[in-house]
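The following exercises concern the structure shown below.

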Amino acid sequence: MNLTRRPRRNRQSAVIRDMVQETRLSVTDFILPLFILEGKNVRSEVASMPGIYRLSLDLLLDEIQECVDLGINTFDLFPNLPEARKDKYATESYNPDGLYLQAVRAIKDRFPDVMVMTDVAMDPYSSDGHDGIVENGKILNDETLEVLGKMTLAQAQAGANIIGPSDMMDGRVGYLRQVLDEGGFHDVAIMSYAAKYASAFYGPFRDALDSAPKFGDKKTYQMNPGNSREALIEAQLDFEEGADFLMVKPALAYLDIIKLLDDNFHLPIAAYNVSGEYAMIKAAAQNGWLDGERAMMESLMAIKRAGANVILTYFAKEAARLL
């Protein structure tokens, strides 16, 4: 048989397969999300996320040290707060003596070279559990921006390097860029959740933070999973408003959206490998249905192959050990 092309020639040995590999994962691709709660020496496992813990500040700093030793240098911080700290206007989000801002300062104090990414949205601090101010069952867009602005400024003052507006309010990237610049924080970057979908894959995260909405859903501000052109509109607006990174969330069910943004924008593209995506692989592995390590690495590779330069993932520490 006279075949001109035999692609298997480039697969015949481990050395050749490695030489022609097109996509490579690196520990420098990862951002590790971390959950912080009040107290001392507290380590509370998230039931729906095996191996992931809510940590008090003392243990959180130890965890970061372990990660830095593995080469992970960027962390995205999320607070788990008691209901008593929550109110309609999320005032705790900009309390300089509150847990979250104390934690940002402590991390930057002990690890001046790590990058701290902060979350900008009202839901962890809101008694309504929504990302914006609620009036008569509706989420108010422009009024919410003022709260997000106060939160952002307080986070920058505490030492945040990257802010991550995850709220999906219209116009927030431009508004927050202006707040940062007027405050003299020109070097603080914005990683915009440009295409954040109203997804079923966020369930375990809401368990981790006790931040599920008290009523209704988030479909008036998060995107419809059936839409892709809309992702281009959202990304274009964030690009024009001054975002430094464009993020797609979730990742695995939205690889086409990652590619779409990568093809259309000359900015670093981030993807959030969310809690439900983590939980599925972990649960299947625990049941012996999947090789957990292989499934983890294959998933991360797929996200990178689709065009993500940056991957926010709860697998970061495990993957770093393998890499």
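**Exercise 1. Determine how many helices and strands the protein has, and whether its overall size agrees with that of a compact globule.**

Solution. Step 1: the protein has 11 helices and 12 strands; helices (H or I, at least four residues) and strands (E, at least two) are DSSP runs, numbered from the N terminus. The model is predicted, so local features need pLDDT of at least 70 and side-chain atom pairs count only at pLDDT 80 or more, while totals for chains, interfaces and linings use all residues. Residues are numbered from 1 along each chain as its sequence is written, and side-chain values use heavy atoms, with hydrogens and water left out.

Step 1: for 323 residues, a compact globule would have a radius of gyration near 20 Å, and the protein agrees because its value is 20 Å. This radius is taken over C-alpha atoms, and the globule rule is 2.2 Å times the number of residues to the power 0.38.

Step 2: along the principal axes, the C-alpha atoms fill a box of roughly 75 × 45 × 40 Å.

**Exercise 2. Classify Y100 and Q21 as buried, partly exposed or exposed.**

Solution. Step 1: recall the cut-offs: buried means under 20% relative accessible area, exposed over 50%, and partly exposed in between (1.4 Å probe, protein chains only).

Step 1: Y100, in helix α3, has a relative accessible area of 3% and is therefore buried.

Step 2: Q21 lies in the loop between α1 (14–19) and β1. Its relative accessibility is 33%, so Q21 counts as partly exposed.

Step 3: across the protein, buried residues make up 53% of the 323 residues.

**Exercise 3. Describe the geometry of the aromatic pairs F35 and F78, and Y100 and Y125.**

Solution. Step 1: rings of Phe, Tyr and Trp (its six-membered ring) pair if their centres lie within 6.5 Å; planes under 30 degrees apart count as stacked, over 60 as edge-to-face and the rest as tilted. A search of the whole structure finds 11 aromatic pairs.

Step 1: the ring centres of F35 and F78 are 6.2 Å apart and the planes stand at 50°, so this pair is tilted. Because F35 lies in strand β1 (residues 30–37) and F78 in strand β4 (residues 74–80), the pair ties together parts that are 43 residues apart in sequence. Both F35 and F78 are buried.

Step 2: the rings of Y100 and Y125 have centres 6.4 Å apart and planes at 85°, so the pair is edge-to-face. Y100 is in helix α3 (residues 99–110) and Y125 in the loop between β5 (115–120) and β6 (133–135), so that distant parts of the chain, 25 residues apart, are linked. Y125 is buried, as is Y100.

Step 3: F35 and F78 also belong to one aromatic cluster, with Y193, F205, Y272, Y278, Y314 and F315.

**Exercise 4. State which charged residues sit over the rings of Y53 and Y89.**

Solution. Step 1: a charge sits over a ring if NZ of Lys or CZ of Arg is within 6 Å of the ring centre and within 35 degrees of the ring normal.

Step 1: over the ring of Y53 sits the charged end of R43, 4.0 Å from the ring centre.

Step 2: over the face of Y89 lies K88, at 6.0 Å from the ring centre.
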